[in-house]
Amino acid sequence: MESLHKADHIEQWFYKVKPETRLETVSRILRHLRPTSALAFCNTRERCKELVRELQEQGFHALTLHGDLEQRERDQILLRFANKSATVLVATDVAARGLDIKELDVVINVDVTHDPEVHIHRIGRTGRGEQHGLALTLATDSEAKRLVQIENYQQAELTWADVEELTPAPGGPLLPPMVTLEIAGGKREKLRPGDLLGALTGEAGFAGSQIGKINIFEFNSFVALDRAIAEDALAKLSRGKIKGKQFKMRLVG
């Protein structure tokens, strides 16, 4: 794999697929690469919903971002993807505007975009700074004209690979490393990240390294927990108090 998007350290590969095997190929990619964070772009919200439904049925922790969502739903989906408690985020280009996720392992173009400039924006989500990035594009015969436009726009030949090379890597189910804990209390209750971290590392007895991102909103808070301690942390925090008060809480997803 030596084909690099010269400006952004992004390795690009293109796969020829049939319309009926497009979604199945996304699953093959995930089982082959076993990424922690994968961003999959679709051209329509209908395709997004279809892909997420298929991935979830196969046991992947996948979420979708599209224009039908309320802002609160969008915020929570982005939060779970950013804190590594969801493996795959499936999005349309419009819904992904302003999206800034660090350490993104791979971008998958499920559909070829109509605009070659949009293609460059898509793949630019991975390989930020000096990091190596990986972008994979699935294409059917009917999308050949769009591929020529991309090739001309980036002034580099497309590099093709065979779908049959996408064999499953060793390992069990692809699980995110973190689980999100939602607490029914936030800024209104004057909760701060330090309060939640202190409750988890103090009386509950967990290591700071087992606690991920903490996000405090007006009425609720979210804490990323190492998957190995999530159930235990929920039980201990539910029984205890934070700033002298008990809060309702649950594990999300």
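## Cavity

A search of the whole structure, which is a predicted model, finds 1 cavity of 30 Å³ or more, where a cavity is a set of points on a 1 Å grid over the protein atoms alone at which a 1.4 Å probe fits but cannot get out. The largest cavity holds about 30 Å³ of space, a volume being the space filled by probe spheres set on the grid points, which are joined across faces, edges and corners. Rolling a probe the size of a water molecule over the atoms shows where empty space is left.

Leu-39, Leu-99, Asp-100, Ile-101, Leu-104, Arg-125 and Arg-128 line the largest cavity, lining residues being those with an atom within 4 Å of a point. By class, this lining divides into 4 nonpolar, no polar and 3 charged residues, with Ala, Val, Leu, Ile, Met, Phe, Trp, Tyr, Cys and Pro counted as nonpolar, Asp, Glu, Lys and Arg as charged, and the others, Gly among them, as polar.

## Basis of the values

Residues are numbered from 1 along each chain as its sequence is written, and side-chain values use heavy atoms, with hydrogens and water left out. For this predicted model, local features need pLDDT of at least 70 and side-chain atom pairs count only at pLDDT 80 or more, whereas totals for chains, interfaces and linings use all residues.

## Salt bridges

The structure holds 14 salt bridges, each defined as a side-chain nitrogen of Lys or Arg within 4 Å of a carboxyl oxygen of Asp or Glu. Side chains of opposite charge can pair when their charged atoms come close. One of the salt bridges joins Glu-143 to Arg-22, with an N to O distance of 3.4 Å. This pair links distant parts of the chain, 121 residues apart, since Glu-143 sits in the loop between β7 (133-139) and α5 (144-154) and Arg-22 in helix α1 (residues 22-33); helices (H or I, at least four residues) and strands (E, at least two) are DSSP runs, numbered from the N terminus. Glu-143 and Arg-22 are both buried, a term for under 20% relative accessible area, with exposed meaning over 50% and partly exposed in between (1.4 Å probe, protein chains only). Both residues also belong to a network of salt bridges that links Arg-22, Arg-47, Asp-111, Glu-143 and Arg-146.

In another salt bridge, the closest N and O atoms of Arg-188 and Glu-189 are 3.4 Å apart. Glu-189 counts as partly exposed because its relative accessibility is 22%, whereas Arg-188, at 54%, counts as exposed. Asp-232 and Lys-236 also form a salt bridge, at 3.7 Å between the closest N and O atoms, and both lie in helix α7 (residues 230-239), 4 residues apart, about one turn of the helix. With relative accessibilities of 37% for Asp-232 and 31% for Lys-236, each of these residues counts as partly exposed.

## Backbone and annotated domain

Most residues other than glycine have a negative phi, and most peptide bonds are trans. Lys-84, although not a glycine, has a positive phi of about 70°; Lys-84 lies in the loop between α3 (71-82) and β5 (88-91) and is partly exposed at 22% relative accessibility. Glu-103, also not a glycine, has a positive phi of about 55°; Glu-103 lies in the loop between β5 and β6 (106-109) and is partly exposed at 48% relative accessibility.

An unreviewed UniProt entry lists residues 9-174 as "domain: Helicase C-terminal", with positions given in the numbering used here, feature names shortened, and annotations that may be inferred rather than shown by experiment. Over residues 9-174 the chain is 34% helix and 19% strand, and the end C-alpha atoms are 26 Å apart.

Notes. On a 1 Å grid over the protein atoms alone, a cavity is a set of points where a 1.4 Å probe fits but cannot get out, and a pocket is an open set with protein on both sides within 12 Å along at least five of seven lines; lining residues have an atom within 4 Å of a point.
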